[in-house]
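Hi there,

I am passing a structure on to you, and I hope you enjoy looking through it. Please open it first, then read on.

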Amino acid sequence: MTSETVTPGPGTTDTPPYRYTAELANQIEARWQDWWEQNETFHTPNPVGPLADPEKLRQRGEKLFVQDMFPYPSGAGLHVGHPLGYIATDCYGRFQRMNGRNVLHAMGFDAFGLPAEQYAIQTGEHPRKITYENIAKFKRQLRRLGLAHDPRRSFATTDPDFYRWTQWIFLKLFNSWYDPQAQKARPIEELIEEYASGQRATPDGRPWEELDEVERRRIINDHRLAYVSEAPVNWCPGLGTVLANEEVTADGRSERGNFPVFTKKLTQWMLRITAYGDRLLEDLDLLDWPEAVKTMQRNWIGRSEGAYINFATPAGPLRVFTTRPDTLYGATYMVTAPEHPLVDKLIPEAWPEGIKPIWTGGYASPKEAVAAYRKQAAAKSDVERQTDKTGVFVGAYATHPITGAQIPIFIADYVLMSYGTGAIMAVPGQDERDWEFAEVFDLPIVRTVQPPEDFDVDNGKAYTGDGPAINSPATPVENGPDLNGLKVEEAKKAMIDWLVANGHGERAVTYRLRDWLFSRQRYWGEPFPIVYDEHGLPVALPEEMLPIELPELEDFRPKTFDPEDSESNPEPPLSRATDWVEVTLDLGDGPKTYRRDTNTMPNWAGSSWYELRYPDPTNSERFCDPANEAYWLGPRKEGESGGVDLYVGGMEHAVLHLLYARFWHKVLYDLGYVTSKEPFHKLINQGYIQAYAYTDSRGAYVPAEEVVEEAPGVYTWKGQPVKREYGKMGKSLKNVVTPDEMCQTYGADTFRVYEMSMGPLEVSRPWETRAVVGSFRFLQRVWRNLVDEYTGKSRVVDTPADEETRRLLHRVIDAVRRDMETLRFNTAIAKMIELNNRLTQIATDGAPREVAEPLVLMLAPIAPHIAEELWRVALGHEDTVAYAPFPVADPELVKGESVTYPVQVNGKVRTRIEVPADADEAAVRQAALTEEKVAALLDGREPRKVIVVPGRMISIVV
RNA sequence: GCCCCCGUAGCCCAACUGGCAGCAGGCAAUGGCCUCAAAAACCAUACAGUGUGGGUUCGAAUCCCACCGGGGGCACCA
């Protein structure tokens, strides 16, 4: 292609032959997409490794790493909602490329996971085949949008070259432990060394050398960041797999599929994310993220400070966690979770004397009552649990550590085994839940914080706010602390000091966050690089064996069960690959038979580290060369987190993906593999594109594109009235619009301009196909201003623009640059339209180059194909516009010659004055006061106050 | 129940964070120009006083309080 090549138009009888029509747009776009590919326009140089290009790197400026949350390649393909973020990052990346930045931008695929497997089950095709077909489809759709991705850096999490490193990182987790002193992960060998040298005592105190191999391994295994644990997990028979807490909804169902989830004790892989609770919390402060996302993560981690307190019981100490140790004097009973291990030891043969009948639940003995209650509680859904306070007395008492009072111990399902110690001291006076329970079981209530005067004490309720302590103690007690009069915070501190001094407890911090359940009983996931030996203990496979590839299976279906069958047990599909499961290996002790782990990793695994692969996607020696990691992700200033410079994706990943990725990144940081503390420095959540859907009189959805708006708010489909709904875009709602259709009808550039001009990136908005034409007309007008529609020749002339147009041009450049930097593409486009409208007025005899050229340059990030074409055909340049410098405004021209000030008198605008732009405040004031109308209104009086807001307005108070 | 975000022309959105609400922009509407007619393109026009009610201020879409409407998150986490 040369600059002489005129772009041929389709030329019908009615349309001028070189008009910017959809056909022409499509031709231009396809041509430039090929050109970029052939000329490797968007290949980004690395400092080292296979993608290194020192010469290119020298030419480019400071690095910029932009990333999208990569898609799951579903069979349905993209609809117009998906590319919103991709286009935004592309516009930003292209803009910064024109500012000389070395921009890394690419797109991978999050391709493991349930949908491919479920689709595979329906069709009988192998998930791999389906996945790679879908990826090819996505790539075609994405290419058509003209995204400036480096094609060499695309990957899928299902590529063995990729998941090899997912497995490698898992081995690092397995071979590391968290050192609370150093507050970081360390290699497991260093822990073994501490035990071997005696620096660290073994759990039962025996010397390390006296322990046999299996004992030693068990001790070490308990410290690993990836560990096998028999723990209560979320078993979902309907899906045939266990799920992470994060994948279970509040009402106890699976997020995917909405099947019931049961708690079941199973042996599963866990990742010790809780060790990182504090750092995951603290380092949020280093991140430029939406406050809402930070808040959600803080809530999810759920750090609370308080104390452990031990209560003596006949079966030994009962340990509770409380955030309100100051209310200990108000503890009138105890509650443990139904499954608390101490309960069985506490239960006496018979009910004690003198208890209230309601405590027994009507059972003859504590044993029966507890057994019955446990059964009842297990059968209840979480929602049912919330409606009423239920429980039963276990028949035993605890001793209050200060007063020595005997207080009854209950089991109740409002106390969760999985939080704190699974037991609480109940303080009804200061806790609403305890108050409700106390009312049901007729238990004493003691207020230990004085409620304020406007608190309705008579209508009775717990008071949870601040105030002076009372009844603490109610009557003097021997050596108990006197908290009376202290505010909550002071009282907490005094009580903790007392508990510590008297050996009744200690200061404590707990988290809501729990360790990450990391096994799934599915086929389409990463296999674990783990085998089990004759002791049933896990053994890491050596790195050289990676990747451990998925075995071929005749039947990769998971074994699912009746969704309600809580007694079922998971049967991973991989366990059926018997040839694969049984394996003879020489792992250092000669050839032995091992059994492979038949679980697979959850589909969060690949996305937990993929930001580290874009910088070095073809590296076969490491997951990422340290030099490439430091260049693309490393912090550039002391105290910075490092990480991706701009990460754009949906709000739905606020907790799961973003927390997991932060965790893995921090582990790699601790072990010295990366220099960045955080994976993603700046995060933006793009809004959703929503769509109208229409239902007929029977409530069935009708094709949205065939619906006609008869009058405002009145819609019909084939003559019959239909009702409009508003929601997500989807097949079932018959309202899907695809980018392919839009590209076909208007071209990719129009689609890009439209998506970016609909509103700010963060805001959700409705899709309206008929409005797209506005963006099309804009590009058409730009084209017409620069290219003769009848000859295809340039209309650009070298005559200078008039002064007014020039000033407008520079104001627009100034504003567009600011808008692009802050990703406000909607306002940037509006300014360009304004400039182009001006150009339309003055360009009757050709478009002045001094306006046309900056306009094309400013347009280039958003509508890159037409910009390339105009850059070449209309403006006569030989090379791509992708690296041409983005225009810079002349500050003198931005200012304008004069400023018009509105003049307010007593809050009302009475007149306007025009003063030179460089007039000082006194001159502006003088000009305002002497203005005819103002002088008339003042009528000789002295104004009480004159406010001059430089550049804005003048306010006079009389 | 608790927490967070958002309410500006018929619709999507601007308004440089307290300073003239729209010659920011677009869709739709109306009129015009073309045309035998229409479409496309082009030109022009009108449309809200900022969800409601108070408050602070010389001045509020913007800050504060209450309420209404929409969206999202959390929900026995001791």
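Below is a short tour of what turned up. Keep in mind that this is a predicted model.

Let's begin with the overall layout. Chain A is divided into four parts: domain 1 (188–299 + 515–596), domain 2 (304–510), domain 3 (692–727) and domain 4 (897–957). Taken over C-alpha atoms, the centres of domain 2 and domain 3 are 58 Å apart.

Next, have a look at strand 18 (residues 582–586). Its covered face holds Val-583 and Leu-585, while Glu-582, Thr-584 and Asp-586 make up the uncovered one. Strand 18 pairs with strand 19 (residues 591–596) in the antiparallel sense, over five bridges, and Leu-585 stands opposite Lys-592. The hairpin of these strands has four residues between them, and there Gly-588 takes a positive phi near 115°.

Further along comes helix 21 (residues 772–786). Its 15 residues reach 22 Å from first C-alpha to last, close to the 21 Å expected at 1.5 Å a residue. Its buried residues include Phe-776, Leu-779 and Trp-783.

Finally, find the open sheet of four strands, with the order 31-30-33-32 and mixed pairing. Strand 31 (908–916) and strand 32 (945–949) are at the edges with a single partner strand each, so one side of each has no neighbour in the sheet. The twist averages 20° from one strand to the next. Strand 32 pairs with strand 33 (residues 953–957) in the antiparallel sense over five bridges, with Val-949 opposite Met-953.

Happy exploring!

Note on methods:
Residues are numbered from 1 along each chain as its sequence is written. Chains are lettered from A and ligands numbered from 1 in the order in which they are written. This is a predicted model: local features need pLDDT of at least 70, side-chain atom pairs count only at pLDDT 80 or more; totals for chains, interfaces and linings use all residues. Side-chain values use heavy atoms; hydrogens and water are left out. Domain bounds come from an automatic or database domain assignment. Two strands pair if DSSP finds at least two bridges between them. Helices (H or I, at least four residues) and strands (E, at least two) are DSSP runs, numbered from the N terminus. Axes are lines fitted to C-alpha atoms, for helices over the stretch in contact, and angles run from 0 to 180 degrees between N-to-C directions. The expected span of a helix is 1.5 Å times one less than its number of residues. Buried means under 20% relative accessible area, exposed over 50%, partly exposed in between (1.4 Å probe, protein chains only).
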